[in-house]
Amino acid sequence: MAGRINDDDVKAVRDAVPIDAVVSEYLQLRNAGGGNLKGLCPFHDEKSPSFHVSPAKGLYHCFGCQEGGDTVDFIMKIDHLSFAETIERLASQAGITLRYEEGGYTPGRQQGERTRLVEAHKAAAQFYVDQLDGTEAEIARKFLAGRGFDQSAAQHFGVGYSPAGWDHLTRFLRGRGFSDQELVLSGLSQEGRRGPIDRFRGRLMWPIRDIAGEVVGFGARKLRDDDNGPKYLNTPETPIYRKSQVLYGIDLAKKEIAKTSRAVVVEGYTDVMACHLSGVTTAIATCGTSFGEGHIKILRRLLMDHSGSEVVFTFDGDAAGQKAALRAFEDDQKFAAETSIAITPGGMDPCDLRLAQGDQAVADLVESRTPLFEFALRHVASRHNLDTTVGRAAALDEAAPIVARIKNSSIQHESAVQLAGMLGILDTQFVVRRVSQLARWARERGREGGSPDQGRPQRRGQAAPPEPARPVAPRGPALNLRSPARRVERELLKLALQRPDLVSPAFDAYGADEFTAPPYAVVRQCIEEAGGATAGAADQSYVPRVREAAPDDAVRALVTELAVEPLLTRRDPDEAYAGVQLATVRIAAVDARIADLEGAARRCEAQGDHAGSAAMLQELWVLQQYGKTLRERGAAAL
């Protein structure tokens, strides 16, 4: 039975790895005010950032899909890991040696499946790098040199060589403690007649890393004529490798993509290398598959989908390249970013271009890009006989919807005029009106909630409003917690979690019955069980204790949400702001008690209980005076 990780080590791991550093490996974060950060949620599709991270609290929460938690929860959710696997990964990053309750300091086979497969790939990557210096690998070194890559370039990208024998890597990894089952499952080995053999033999090897920088697969290039396999052989689909969800070079390019708001999509491993060495350090490539939905999601999180971001596709000018460009155009509406295309001259890819004309030519290629919709328009025009009226009309029917989907209205108008000239239609205003009509219909469909499948999808550059967000199934303890009547209660609880120093010790004197929403009353109780706001004012483990006190996942999620949600003030909160929330909640509680007493006193009078009525009226008078004082003096009367 697998050993349990020591509790003190788990706490050390949680404390050692900042949540913003972890989340930033997967998406771009920007300042959200109040010490919080925000970005596009990695757990659901959205067009504006609703995913908030609180570095001070070590928590995240998405106000769109309601996902939330701490660093461990984030890694478990995004990488589909178990709790133990997550702790093991974070411990490795932080340099913490974990202790297991049953087995001392060596995790061995107690580690989770994913962790074991990642470690096998890490060991394999180093094995391949070491082989590149050997005599047998001279053919691989010549190949790299012939493509303009020296030893330092190979080292930068971790390029290696797989020996031509049957089981060199398999035997090496067995010696490192990996089982045959793990090696076959990882895709590094495959079943042979007498047991596992190496999948990659006698090939140049590129390690494929995920966005967090972990090796999850390999791309292997054929070097010898007697190799009967395909030119490029990639790792098969495994528990840690999905080709539709990885981008080669993303680990090296992600920071620059986020910084410059631009990504350059090329077609191969050597093209990524050539671009990076030429100064285009935002270049990435797919791994043996076409650019698709999973790749788009990765880039959108890094680009933040603001209108100034851009995705540049580079394709050969041949028929296959044009087909790939048009396929990319079909995905254009899935980006809020501008999408452009850079056609390489003479059918050369970026690697060939660098060899023939140098680094500057590669940089110039990217700068010579044109909007992808312009490329699509030219393609449409080329398919029709524009010398005839029928041909021009058919081209307009096909091209006008493309222009109508341009988001930017000024670009849309200019492009309509350009389209008229491209098709040879003299009545320019006719084309402009046609495009405007189609754009208006698209906007009306959007307001009516029509899906893109009900009409032509909107595209980049395009003035039409974003599609309405799909309703999210209610989660958590209640549906009306954001009603105006409970706004102040919510704000006070947020202060008690985020700035307990501003509301203590007064908050700790509040009873759970002063919160009218039952879930808020439960949160108040959790705060009390965690030591109260007074204890939380000087204790970094305060919010985790509140979360641990939650009776169920729904309340725990609500605590996370309240701890991360921005306060309803544009300025830094101070004692005066906190005092208003404290006083308002107390006034509402006093008013509710007054209403209850007035009703009870009337019932006593009706029943002839004059003594009971008198006692209630006395309490009623005291409460009325207290309420008056609260309204006049605010928090000073608490």
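Contact is defined as heavy atoms within 4.5 Å. The structure is a predicted model, in which local features need pLDDT of at least 70, side-chain atom pairs count only at pLDDT 80 or more, and totals for chains, interfaces and linings use all residues. Residues are numbered from 1 along each chain as its sequence is written, and side-chain values use heavy atoms, with hydrogens and water left out.

Apart from residues up to four places away in sequence, E565 touches F63, R482, R490, K494 and Q498. E565 is located in the loop between helix 25 (553-564) and helix 26 (575-606); helices are DSSP runs of H or I with at least four residues, numbered from the N terminus. The relative accessible area of E565 is 7%, so the residue is buried (under 20% relative accessible area, 1.4 Å probe, protein chains only). The side chain of E565 forms polar contacts with the side chains of R490, at 2.8 Å, and K494, at 3.0 Å. A polar contact is a pair of N or O atoms within 3.5 Å; within protein, one must be able to donate a hydrogen and the other to accept it, and residues adjacent in sequence count only if both atoms are side-chain atoms.

The structure holds 0 disulfides, a disulfide being a pair of cysteine sulfur atoms within 2.5 Å. C287 is buried, at a relative accessible area of 1%, and C526 is buried at 2%.

How values were computed:
Helix = DSSP H or I, 4+ residues; strand = E, 2+ residues; numbered from the N terminus. Buried < 20%, exposed > 50% of the residue type's maximum accessible area, 1.4 Å probe, protein only.
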